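Hi,

Here is the structure I promised to pass on. Have a look at it first, and then read my notes below.

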Amino acid sequence: MSDEWVTDVQGNFPLHTAVTKVMPSGTQVISCESSGASAWTKTGKVTVRLPDGSRKRYFLKVASGRGAQSLVKGEYHSASAIEAVVSDFVPSPVGYGEYHNGESQVYFFLGNFHDFDLRTPPDPETFSEKIAQLHLNSKSPTGKFGFPVTTVCGVFERTVKWEESWAECYANLLSDVIRYDKETNGPWPEFEAACDRTVNFVIPRLLGALQSDGRSIEPVLIHGDLWEQNIGLDMESGHSLAFDAGCVYAHNELEFGTWRCSWAYYFNLPAYQMYYRRYIQPSEPASEWDDRNRLYSMHIYLNDSAGHPGSLSRKTAYNDMLFLCEKYAPLETLEKYDPAKDISLTGAFIQHETHTLNLTQANVQS
């Protein structure tokens with residue numbers, strides 16, 4: 001792999017020639033500078049002069065190490081899939097690739113750059129409509145649940161092989177983060193017993209009900225990591241855009257698992273679900289929507305726990321597992337669910353490291 005670098009450009013962000021090869025032929029690089037901050041990657045802004053003489057800015061994300069290749073490839077294919085359905089919901093992807101920086105293999109994603117306000121919440125009505133349109137108008141290429149390429153949440157790869165059964169697909173996703181969490185935080189026998197009960201008994205019952213007794217659900221394209229710090233108000237157009245996508249063709253309600261998490265600070269407001277439900281009602285059995293939402297939030301909590309050793313997210317997910325086990329698959333040897341530790345009842349806030357980091361990024365895509 002070539003180790004050539006672009007020279008004679010302004011800025012403090014090293015730019016490899018591999019990145020320029022995904023730009024239009026004849027593009028001249030003017031500058032490349034650091035822009036924003038990210039928990040898992042390095043990000044920059046590349047200003048160029050296109051062959052027609054006009055100026056353009058690109059957003060560059062580079063990563064190495066665990067999950068890096070899947071991160072950039074997955075983000076490119078995710079953003080491409082979303083843009084094909086709702087054209088103004090994500091920044092346009094440009095390309096992805098890899099190079100060697102002399103020490104390690106590096107993977108990059110290139111997309112259109114936007115000046116973002118990351119503090120202003122999106123309008124509930126228009127933003128919820130976009131989510132609904134994504135879910136309504138997308139169609140799995142195989143008719144199954146999964147995705148054509150591996151995607152990630154944070155830096156952790158998802159098992160997205162095609163499945164007819166949504167229960168089996170979600171069991172794969174949850175088992176992934178259970179494994180990653182154990183690698184980070186070590187064994188915990190009581191927790192592992194609850195995980196086993198959840199994967200093997202709660203999921204088949206709670207999610208299996210969506211595709212039994214004459215009921216059915218269609219796999220739809222979800223963003224896959226739709227939380228407050230992956231949303232920005234484009235300062236030029238005034239529209240809210242989502243980024244850092246890690247898509248799955250999934251049950252549409254999986255999109256909202258992260259909205260239940262303790263660090264949600266506007267997506268947990270009733271208005272977003274109210275407007276969304278103008279277009280898409282809860283799946284049947286509708287009475288089990290909140291239990292499914294609790295189950296879906298476990299994926300996000302354990303992903304957070306796996307990325308941040310010692311996080312309270314692990315204990316939160318564990319208590320939620322005990323709640324669902326007691327309701328759908330009781331087992332006397334499990335510990336008891338504790339309402340005092342249920343953030344949906346207490347409103348307790350768990351500090352999210354990425355949340356703290358991204359709040360410093362005014363007007364920058366992360």
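This is a predicted model: local features need pLDDT of at least 70, side-chain atom pairs count only at pLDDT 80 or more; totals for chains, interfaces and linings use all residues.

A residue counts as exposed when its relative accessible area is over 50%.

Asp8 sits in the segment before helix H1 (17–20), and its phi is near 60°, a positive value in a residue other than glycine. Is Asp8 buried or exposed? Its relative accessible area is 80%, so Asp8 is exposed.

Asp213 is another one to look at. Its phi is near 55°, again positive without being a glycine, and you'll find Asp213 in the loop between helix H5 (189–206) and strand E9 (220–222). With a relative accessibility of 71%, Asp213 is over the 50% cut-off and therefore exposed.

While you're checking the backbone, go to Glu284 and Pro285: the peptide bond joining them is cis, with omega at about 0°. Pro285 belongs to the loop between helix H6 (270–276) and helix H7 (289–307). Why flag these spots at all? Because most residues other than glycine have a negative phi, and most peptide bonds are trans.

Now the sheet. It is open, has 5 strands in the order E1-E2-E3-E5-E4, and the pairing is antiparallel. Strand E1 (28–34) and strand E4 (93–100) are the edges, each pairing on one side only. On average, neighbouring strands in this sheet are turned by 25° against each other, direction ignored.

Inside the sheet, strand E2 (residues 42–49) and strand E3 (residues 55–63) are joined over 8 bridges in the antiparallel sense. If you want a spot to start from, Lys45 stands opposite Phe59 in E3. Lying across E3, E4 and strand E5 (105–112) is helix H2 (residues 68–85), which runs at about 170° to E4.

Last, a helix pair. Helix H4 (residues 166–185) packs against H5 at an angle of about 170°, and the two axes are 9 Å apart. Since angles over 145 degrees count as roughly antiparallel, that is what H4 is to H5. On the H4 side the contact includes Ala167, Tyr170, Leu174 and Ile178, among others. H5 contributes residues including Phe191, Cys195, Val199 and Ile203.

Cheers

Terms used
Residues are numbered from 1 along each chain as its sequence is written. Side-chain values use heavy atoms; hydrogens and water are left out. Two strands pair if DSSP finds at least two bridges between them. Helices (H or I, at least four residues) and strands (E, at least two) are DSSP runs, numbered from the N terminus. Axes are lines fitted to C-alpha atoms, for helices over the stretch in contact, and angles run from 0 to 180 degrees between N-to-C directions. Contact means heavy atoms within 4.5 Å. Buried means under 20% relative accessible area, exposed over 50%, partly exposed in between (1.4 Å probe, protein chains only). Angles under 35 degrees count as roughly parallel, over 145 as roughly antiparallel, 65 to 115 as roughly perpendicular and the rest as oblique.
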